[in-house]
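Subject: Structure for your attention

Dear colleague,

Please find the sequence and structure below. A summary of the findings follows.

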Amino acid sequence: MKKTVAFSKNSTNVFFHILTRCNLRCRHCYINPAQHGDNTLPIATIIEWLRLFYTPGRDANLVLLGGEPTLHPDLAAAVTAARDIGYASVTIDTNGYLFNDILDRVSPDMVDFFSFSLDGPEPAINDPIRGEGSFDRCVAGIGDAVARSFSTSLIFTASAQNIASLVHMPPLLRKLGVKRFFIQIIGIRGRLAAGGEDNLQVSRQDWEAIVPGVASQVAESGITVTWPRVFLGPDEVFECAGKVAGDYFIFPNGRVYRCPLCEDFPIHSMEIRDGRLIKRPKITETDLFDLDIAEGCVMNRLIQGGNVAYGKDGACEFKIACCLLKEEMAVKSRT
Ligand code: SF4
Ligand code: SF4
């Protein structure tokens with residue numbers, strides 16, 4: 001039932017932030033305009049950059065995101081271009097407000113998934129995190145997408161503020177008709193890293209007591225569920241996706257990262273300049289990927305080491321997995 005999603009060098013996953021502007025101001029937003037830019041990419045540039053990351057004969061999956069990508073007036077044209085270029089799948093990540101009548105301008109055969117973000121099973125939990133009224137708007141947006149036969153998924157970012165409410169998500173997921181559920185763990189980056197917030201990191205105890213059980217329940221109802229591995233057991237092998245996977249995180253100022261936890265710092269391994277993808281000189285994130293430390297993920301240790309535990313002898317009790325290492329569970333529905 002449960003499997004670890006192996007990193008693959010044979011496919012490319014492109015996470016393309018086509019703008020950083022957003023109508024919401026979520027507490028945990030990782031967007032950092034000082035590092036990522038505040039421009040909206042023209043459609044001609046989007047198409048040019050999409051071509052840079054596509055290699056004929058190699059599977060390429062595209063996630064279009066922002067900011068709020070539906071604020072981009074040419075999002076539908078970006079989807080069409082990606083399909084024409086040859087991207088195998090296209091997902092649109094949205095906060096649910098679905099601006100610019102996007103559902104009227106793309107079709108289910110062009111968009112594999114609309115992926116919505118909701119951080120609680122009710123407004124009282126979601127809205128203090130994502131903004132007043134955002135629960136109702138997101139639920140309405142999912143309803144509109146499902147009614148038009150789009151496949152939908154839901155992303156829940158777990159923090160100390162909302163993880164207890166995760167157990168109430170399965171009935172909501174069934175009611176909404178989503179096909180996939182992604183549980184993420186909060187990262188100390190973007191707005192949270194800028195300070196002024198309580199510590200919202202989730203403890204190992206809470207994560208292990210809640211997440212696998214909820215995942216089983218969700219999978220039992222026929223919804224595929226994916227969540228990050230986070231805490232590795234003593235016999236589990238640590239791998240850094242920056243070294244062994246084909247993931248690219250592109251921002252509108254032309255920065256290209258291989259690791260999401262590096263995105264608050266100017267250590268991106270590549271950038272797009274004058275329409276060309278160039279490797280940056282040392283020191284970049286790539287140099288960090290090679291460091292071998294007892295705590296596992298180097299960037300986790302540097303920016304959010306509060307989730308690491310040490311024994312009385314000072315030895316690290318467990319390794320933290322790469323934030324991109326996922327578990328997945330799918331069970332065929334019995335109905
Ligand atoms: S919807 Fe996304 S981009 Fe907008 S504020 Fe929230 S986390 Fe940030
Ligand atoms: S999260 Fe850690 S392990 Fe994963 S790519 Fe970044 S540095 Fe490597």
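The residues of the shell around ligand 2 divide into 12 nonpolar, 2 polar and no charged. Here Ala, Val, Leu, Ile, Met, Phe, Trp, Tyr, Cys and Pro count as nonpolar, Asp, Glu, Lys and Arg as charged, and the others, Gly among them, as polar.

This is a predicted model, in which local features need pLDDT of at least 70 and side-chain atom pairs count only at pLDDT 80 or more, while totals for chains, interfaces and linings use all residues. Residues are numbered from 1 along each chain as its sequence is written, and chains are lettered from A and ligands numbered from 1 in the order in which they are written.

Ligands

In total, 14 residues surround ligand 2, the closest being C240, G242, C259, C297 and C322; a residue is near a molecule if its C-beta atom, placed from the backbone, lies within 6 Å of it. At least two residues of this shell come from each of α9 (241-244), α10 (285-289) and α11 (298-304), and α11 supplies the largest share, 3 residues. Helices (H or I, at least four residues) and strands (E, at least two) are DSSP runs, numbered from the N terminus.

Around ligand 1 are C22, L24, R25, C26, C29, I31, G66, G67, E68 and N95. That shell divides into 5 nonpolar, 3 polar and 2 charged residues.

Helices

Helix α8 (residues 204-220) has 17 residues and reaches 24 Å from its first C-alpha to its last, close to the 24 Å expected at 1.5 Å a residue; the expected span is 1.5 Å times one less than the number of residues. W207, V211, V214, A215, V218 and A219 are buried in α8. A residue is buried if 20 or more other C-beta atoms lie within 10 Å of its own, exposed if 12 or fewer, and partly exposed in between, with C-beta atoms placed from the backbone. The buried residues of α8 pack against α7 (169-176), β7 (180-185), β8 (224-228), β9 (231-232) and β15 (326-329), contact being defined by C-beta atoms, placed from the backbone, within 7 Å. Just after α8, G222 takes a positive phi of about 90°.

In helix α6 (residues 134-147), the buried residues are S134, F135, C138, G141, I142 and A145. They line one face of the helix, because they fall within an arc of 130° seen down the axis of α6; the arc is that of the directions from the helix axis to the C-beta atoms. Their cover includes α4 (102-105), β5 (113-117), α5 (123-130), β6 (152-158) and α7.

Helix α2 (residues 43-52) has I46, W49 and L50 as its buried residues. Seen down the axis of α2, these fall within an arc of 105°, so they line one face of the helix. They pack against α3 (75-85), β10 (247-250) and β12.

Hairpin and loop

Strands β12 (residues 270-273) and β13 (residues 276-279) run antiparallel and are joined by 4 bridges; two strands pair if DSSP finds at least two bridges between them. E271 stands opposite I278 in β13. The hairpin has 2 residues between the strands, and D274 takes a positive phi near 50° there.

A309 is found in the loop between α11 and β14 (319-320). A309 is exposed, with 12 other C-beta atoms within 10 Å. Not counting residues up to four places away in sequence, A309 touches E317 and F318.

With kind regards

Key:
Contact = placed C-beta atoms within 7 Å.
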